[in-house]
Amino acid sequence: MEPTTMAWTAAVVGFGLVYWFVWVMGAAEVKGKRAVDLKMGSITRDKVQDKYTQYWSFFRRPKETATVAASAEKVPAFVDTFYNLVTDIYEWGWGQSFHFSPSLPGRSHRDATRIHEERVPDLLGAKPGHRLLDVGCGVGGPMRAIAAHSGSNVVGITINEYQVNRARAHNRKAGLDSRCEVVCGNFLSMPFPDASFDGAYSIEATCHAPKLQDVYGEVFRVLKPGGLYVSYEWVTTSLYRAEDPDHVECIHGIERGDALPGLRRQDEIASIAKEVGFEVVKEQDLALPPALPWWTRLKMGRIAYWRNSLVVRVLTLLRIAPKGVCEVHEMLYETAQHLTRGGETGIFTPMHMVLLRKPAAAAAEEAK
Ligand SMILES: C=C(CC[C@@H](C)[C@H]1CC[C@H]2C3=CC[C@H]4[C@H](C)[C@@H](O)CC[C@]4(C)[C@H]3CC[C@]12C)C(C)C
Ligand SMILES: C[S@@+](CC[C@H](N)C(=O)[O-])C[C@H]1O[C@@H](n2cnc3c(N)ncnc32)[C@H](O)[C@@H]1O
């Protein structure tokens with residue numbers, strides 16, 4: 001073949017491959033966000049790599065030092081940086097709901113996700129006209145499912161401004177913007193009046209709080225007396241052994257790749273809830289059998305991960321995606337391995353469910 005013909009053939013085949021990867025294959029799981037639209041939240045293109053380095057510096061500090069209180073104060077900012085780095089990759093590769101759910105035989109991931117979300121308003125007894133709080137709402141996948149299922153109005157709060165804009169755009173597109181509102185703020189000190197919500201929930205979000213008491217205390221304050229709160233918590237289970245180096249590495253891997261200041265133990269959750277004044281109505285690890293594994297979705301996607309790595313590499317080379325995206329993608333790939341290991345060994349669950357009630361008597365207490 002003539003050298004020019006060969007060059008043209010290579011160019012056409014190369015272009016065809018990139019087109020196929022980026023446009024035809026699109027997202028790994030959900031056709032929504034496209035790879036060519038990968039940004040890094042509110043971070044400007046030239047700062048992505050610096051922000052990624054800054055993110056890692058948080059984990060270089062020893063945890064057990066006198067600076068624990070000081071570093072706890074820095075957690076919301078570090079979580080905000082994390083979500084600037086990962087939000088688009090999450091949406092591209094996972095969808096608009098940033099959480100896990102038990103697998104359901106014969107059902108798609110999308111259905112399993114929705115069913116896991118709809119359990120929340122069912123537990124809360126949510127009705128049309130109720131005002132619910134979504135603590136750590138992401139880009140609002142659960143909020144829209146919950147508003148649609150229950151007819152309630154939902155107010156979501158997230159620390160990350162980029163997510164606020166994504167969530168508002170999705171709400172408008174779904175025609176739910178009159179019933180779903182999104183606020184940028186810190187759930188450790190919420191911009192809402194006391195007793196202003198009929199119910200509240202958090203899905204895989206409060207694990208970002210350095211002290212669970214702080215976020216539970218805030219939810220308790222903004223709930224009406226008698227109001228219910230459901231939370232799906234990330235915790236280590238009773239199978240976790242602090243003296244087993246494999247267990248320790250697995251849990252540290254989960255913390256590093258998911259912006260967590262330190263995972264709590266399953267048996268701590270109810271006592272923290274009681275400490276801030278809640279009654280514990282129900283507590284259940286939704287990952288336990290007969291529930292089917294939540295981590296299969298992570299495992300089954302291994303081929304997709306390789307394809308996705310290639311896509312982000314090509315897009316970075318072509319300068320369509322900012323520098324640093326490959327590193328963030330790699331970090332997520334690694335955390336997926338740790339999460340899978342945590343699930344398989346049973347030392348970790350992302351769905352320890354607690355249903356809590358603010359006692360009706362709290363009204364009298366507050367009036368004092
Ligand atoms: C609750 C939290 C987030 C939970 C999950 C939504 C995310 C945890 C790990 C993420 C992912 C890992 C691998 C990525 C893959 C390499 C990429 O190609 C496509 C996206 C992933 C599948 C990504 C998707 C979201 C997660 C599953 C935490 C932060 C408290
Ligand atoms: C893993 S995402 C889950 C999002 C959503 N619940 C879902 O399931 O799609 C965690 C969310 O908690 C939010 N978050 C973490 N720390 C926060 C804080 N201190 N204040 C407000 N939001 C916070 C993040 O911004 C993110 O939206």
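Which helix gives the most to the shell around ligand 1? That's α12, with six residues. Keep in mind that this is a predicted model, where local features need pLDDT of at least 70, side-chain atom pairs count only at pLDDT 80 or more, and totals for chains, interfaces and linings use all residues. Residues are numbered from 1 along each chain as its sequence is written, ligands are numbered from 1 and chains lettered from A in the order in which they are written, and side-chain values use heavy atoms, with hydrogens and water left out.

**Around the ligand**

There are 23 residues around ligand 1, and Y83, Y90, W234, N308 and H329 come nearest (near means a heavy atom within 4 Å). The protein covers 99% of the 640 Å² of accessible area that ligand 1 has on its own (Shrake-Rupley method, 1.4 Å probe). α3 (68-93), α11 (302-317) and α12 (325-345) each supply at least two residues of that shell; helices are DSSP runs of H or I, at least four residues, and strands are runs of E, at least two.

| Residue | Distance to an oxygen atom of ligand 1 |
|---|---|
| N308, polar side-chain atom | 2.8 Å |
| H329, polar side-chain atom | 2.6 Å |

**Strand β8**

Nine of the 10 residues of β8 (residues 348-357) are buried, so the rest of the structure largely encloses this strand (buried is under 20% relative accessible area, 1.4 Å probe, protein chains only). β8 pairs antiparallel with β5 (residues 223-236) over eight bridges; pairing takes at least two DSSP bridges. S231 has V354 as its bridge partner in β8. Strand β7 (residues 279-285) also runs antiparallel to β8, joined by six bridges, and V280 is partnered with L356.

Note on methods. Buried < 20%, exposed > 50% of the residue type's maximum accessible area, 1.4 Å probe, protein only. Polar contact = N/O pair within 3.5 Å; in protein donor to acceptor, adjacent residues only side chain to side chain.
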